Each structure stands twice: as structure tokens, then as C-alpha cells.
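Good morning, and thank you for coming.

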Amino acid sequence: MLHHYKNINPSIHKSAFIAKNAVVVGDVSIGEESSIWFQTVIRGDVAPTKIGKRVSVQDLSMLHQSPNNPLIVEDDVTIGHQVTLHSAIIRKKALIGMGSIILDGAEIGESAFIGAGSLVPPGKKIPPHTLAIGRPAKVVRELTEEDYQEMERVRQSYVEKGQYYKLHTDLGIK
């Protein structure tokens, strides 16, 4: 479901897949070949939410903001199932593991990996090319070539799935 808020409508690239039971409201932009999966909620009713190209926001995730503090998700990011993002910056090619919470002012570096169930507190900066995990999240190591390969596999599989669902099912908004 796409909704306006105070006469501001979401801006969604025609190649993006938005599940019919996802909710996208207000000042939200979504780039090409991105996918917004089932029962995800993205509310742009406080500040903008900018989602880049080839981003997957997986099932049951929630994206929102605080006043004057947008949520920015750069290109090629994977956001796992049941993730909460609130007024954070997620740099390109990062992966946010299932059930994680990323709070106001946090910044996840390029190609960083946030392990499942992690909590990144307000203002925390996770460096590029690292694995961070825990509550609160702490950097535990640099990423390996195997990590990058797995992140790319997941990223590419969601681009392909999103395009399949968009073109071959009636489960997305046309």
C-alpha cells in the first residue's frame, strides 16, 4: 500500500518490487531494482527516507525517522528480516542481519556486516569492511573474502527474486 502524507507521495522507481502488503508512506524514495518485502513498513512522515538502487528490505522490517534526521540507505544494501532502522545511515554494500536494530545517528560503514540480532545504539559508527555483532554491537573482526562472496550472493539473489516477483506474480504493486 502506498500512501501520501501531507500531500507528499512516495517516489518509487518503476523497476522496484513493492509487496502488496508492505506499507510505504510519505517522503520515501526507492531506487531501481530495489525490493520491499512482505509486511514491511516504511513511514516517511517525520523526515525523508532515501533508499538506493538494488536494496532489499526484507519481510517484517520497519523503517522510520526522528525530526530533521533522515534515514539513508545507499545502493546495494541488504536489510534482513525483521530489522528496525531509525534515522541512521547505511553505506553501500552493507548487510544488516535479521532482527537487528539500528538507531538514530548510527552509521554503518561501506561493506560492513551487522550480525543477526544486533543493536547499534544512537550515534555509533561501525567502520567499513568489519563484522559487528552484539547488544550493543561491537566490531569483532575484519571481513574475509568468503564474507564478501556470501554478502554478494545474498544481495544478487534478492535483486533476482524482486525482479521475478515484480514480473511474474500478482504479489507486488504494479
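Predicted model: local features only at pLDDT ≥ 70, side-chain atom pairs only at ≥ 80, totals over all residues.

Glu-152 forms a salt bridge with Arg-155, and their closest N and O atoms are 2.9 Å apart. Are these two residues buried or exposed? Glu-152 is partly exposed, at 34% relative accessible area, whereas Arg-155 is buried, at 8%.

In general, side chains of opposite charge can pair when their charged atoms come close. How many salt bridges does the structure hold? There are seven. One of them joins Arg-54 to Asp-76, with the closest N and O atoms 2.7 Å apart. This pair links distant parts of the chain, 22 residues apart: Arg-54 sits in the loop between strands E6 and E7, and Asp-76 in the loop between strands E9 and E10. Arg-54 is partly exposed, at 25%, while Asp-76 is buried, at 14%. Elsewhere, Glu-74, Arg-91 and Glu-107 are linked in a network of salt bridges.

I turn now to the largest pocket, which holds about 190 Å³ of space. Of its 14 lining residues, the closest to the centre are Gln-58, Gly-80, Leu-95, Met-98 and Val-154. Helix H1 returns here, giving the most to the lining, with three residues. By class, the lining has seven nonpolar, six polar and one charged residues.

Finally, consider Gln-58, in the loop between strands E7 and E8. Its relative accessibility is 4%, so Gln-58 counts as buried. Among the residues that Gln-58 touches are Trp-37, Gly-80 and Tyr-158.

Conventions
Residues numbered from 1 in each chain as written. Heavy atoms only, no water. Helix = DSSP H or I, 4+ residues; strand = E, 2+ residues; numbered from the N terminus. Buried < 20%, exposed > 50% of the residue type's maximum accessible area, 1.4 Å probe, protein only. Contact = heavy atoms within 4.5 Å. 1 Å grid on protein atoms, 1.4 Å probe; cavity = no way out; pocket = protein on both sides within 12 Å on 5 of 7 lines; lining within 4 Å. Points joined across faces, edges and corners; volume = space filled by probe spheres on them. Nonpolar A, V, L, I, M, F, W, Y, C, P; charged D, E, K, R; others polar. Salt bridge = Lys/Arg side-chain N within 4 Å of Asp/Glu carboxyl O. Lists of a residue's contacts leave out its neighbours within four places in sequence.
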